Amino acid sequence: KTDRLTRNFKDAVVIDDWLERDESRRLHMVKESLVIHKYAKSDAKLMWNIFLAIAKKYTDNLREEAMKGWDEKLAQGWMPSSPPPGYKTITENGRKIHVINEETSFIIEHAFKFYLQPDESISSTAIELELCGLTSSKGKPLTKSYVHKILSNKFYVGTIQFNGKEYAGAQETLIDKKLFDKVQRKLTRKTAPRAKKNFLFKSLVHCGMCGGVITWQTQKGHNYGTCHKKNSTCKGYRYPREDRVEEQVLYELEKMIDPGPKKLRSLKSLLI
């Protein structure tokens, strides 16, 4: 039957192209007693197009009826889809509604409070939720994007967001409005970009063992040079401190104030 095969014109174009590529191909619509192929008569193709239009109309009508049902449910304050974590769906008086899930609601509330702590982020909150036992429907850890979606979901404060619009929800609120607003301010807060640090010997010093470039980082108020330790012999050496390397370089430079003819010839050969 045509409406079992396709319900939109895009699929119909694919089918037509498939038939045109091979004249031996046949498409049988048993219910309509219709056979379509590359050289089918115009009357058969006309009926095929009519059945396609009817199938499309059927699909559009289904969507309209579904939208009517959604609008009615939203007007009553209920979301026509699954609720976010912390809620569950029950049937009451013949209709499905969403109520707080006592097994997971405390974890969601904890997530909002945990995220507000000074040093916590979306990533650390995702790890915390995993430790609390909250996972996806497939038992996998929640992604950062999903955790962000949870923390910004107005459903927890009584507002339903559906198809780009907002509706007043009839569900019991799970998160206090003040707590929710604080989380939103942190989520949307712009962090100042970190200033790049210009280390004194950046890209100038190489490891004496493996020859790799020494990179620099700040630890406990001092800048230390680190080697990638590609060679096992590198691992036995301590990281050089920038200020001590600077002292050594200055000492060597002072010795070159009056280096003598031999040292000058050596420098000249290195520079040429």
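The face of helix α6 that is turned away from its buried side carries two exposed residues, Ser145 and Lys149. Here exposed means over 50% relative accessible area, buried means under 20%, and partly exposed lies in between, with a 1.4 Å probe and protein chains only. Helices (H or I, at least four residues) and strands (E, at least two) are DSSP runs, numbered from the N terminus.

Before going further, a word on the model and its numbering. This is a predicted model, in which local features need pLDDT of at least 70 and side-chain atom pairs count only at pLDDT 80 or more, while totals for chains, interfaces and linings use all residues. Residues are numbered from 1 along each chain as its sequence is written, and side-chain values use heavy atoms, with hydrogens and water left out.

**Helix α6 and its partners**

Helix α6 spans residues 144-151, and its buried residues are Val147, Ile150 and Leu151. Seen down the helix axis, these buried residues of α6 fall within an arc of 95°, so they line one face of the helix. That arc is taken from the directions that run from the helix axis to the C-beta atoms. The buried residues of α6 pack against α4 (105-115), α5 (122-131) and α7 (177-188); contact means heavy atoms within 4.5 Å.

In α4 the buried residues are Ser105, Ile107, Ile108, Ala111, Phe112, Phe114 and Tyr115. Their cover includes strand β4 (95-100) along with α5, α6 and α7. In α5 the buried residues are Ile122, Ser124, Thr125, Ala126, Glu128 and Leu129, and what covers them includes α4, α6 and α7. Glycine 133 follows α5 and has a positive phi, near 95°.

**The chain as a whole**

Stepping back, the secondary structure of the chain comes to nine helices and eight strands. The radius of gyration of the chain is 35 Å, whereas a compact globule of 272 residues would have one near 19 Å. That radius is taken over C-alpha atoms, and the globule rule is 2.2 Å times the number of residues to the power 0.38. Along the principal axes, the C-alpha atoms fill a box of roughly 105 × 60 × 30 Å.

Of the 272 residues in the chain, 29% are buried. Among the contacts with a separation of 6 or more, 42% join residues 24 or more positions apart. The accessible surface comes to about 19,600 Å², and 53% of this belongs to carbon and sulfur atoms. Such areas come from the Shrake-Rupley method with a 1.4 Å probe, and for residues only the protein chains shown count as cover.

The chain has 49 positive and 33 negative charges, and their mean positions are 6 Å apart. Lys and Arg count as positive and Asp and Glu as negative, with His and the chain ends not counted. The place of a charge is NZ of Lys, CZ of Arg, CG of Asp or CD of Glu.

**Pairs of residues across the chain**

Here are some C-alpha to C-alpha separations to check in your viewer.

| Pair | Apart in sequence | C-alpha separation |
|---|---|---|
| threonine 2 and leucine 34 | 32 residues | 9.6 Å |
| threonine 89 and histidine 206 | 117 residues | 63 Å |
| aspartate 11 and glutamine 217 | 206 residues | 58 Å |

Threonine 2 sits in helix α1 (residues 2-5) and is buried, with a relative accessible area of 1%. Leaving aside neighbours within four places in sequence, threonine 2 is in contact with Met29, Glu32, Trp48, Phe51 and Leu52.

Threonine 89 belongs to strand β3 (residues 87-92) and is partly exposed at 40% relative accessibility. Not counting residues up to four places away in sequence, threonine 89 touches Pro83, Lys96, Ile97 and His98.

Aspartate 11 lies in helix α2 (residues 9-20) and is also partly exposed, at 33% relative accessibility.

**Positive phi in two loops**

Most residues other than glycine have a negative phi. Serine 33 is not a glycine, yet its phi is positive, near 50°. Serine 33 is found in the loop between β1 (27-29) and β2 (34-36), where it is exposed with a relative accessible area of 69%.

Asparagine 163, not a glycine either, has a positive phi of about 55°. Its place is the loop between β5 (159-162) and β6 (165-168), and at 55% relative accessibility asparagine 163 counts as exposed.
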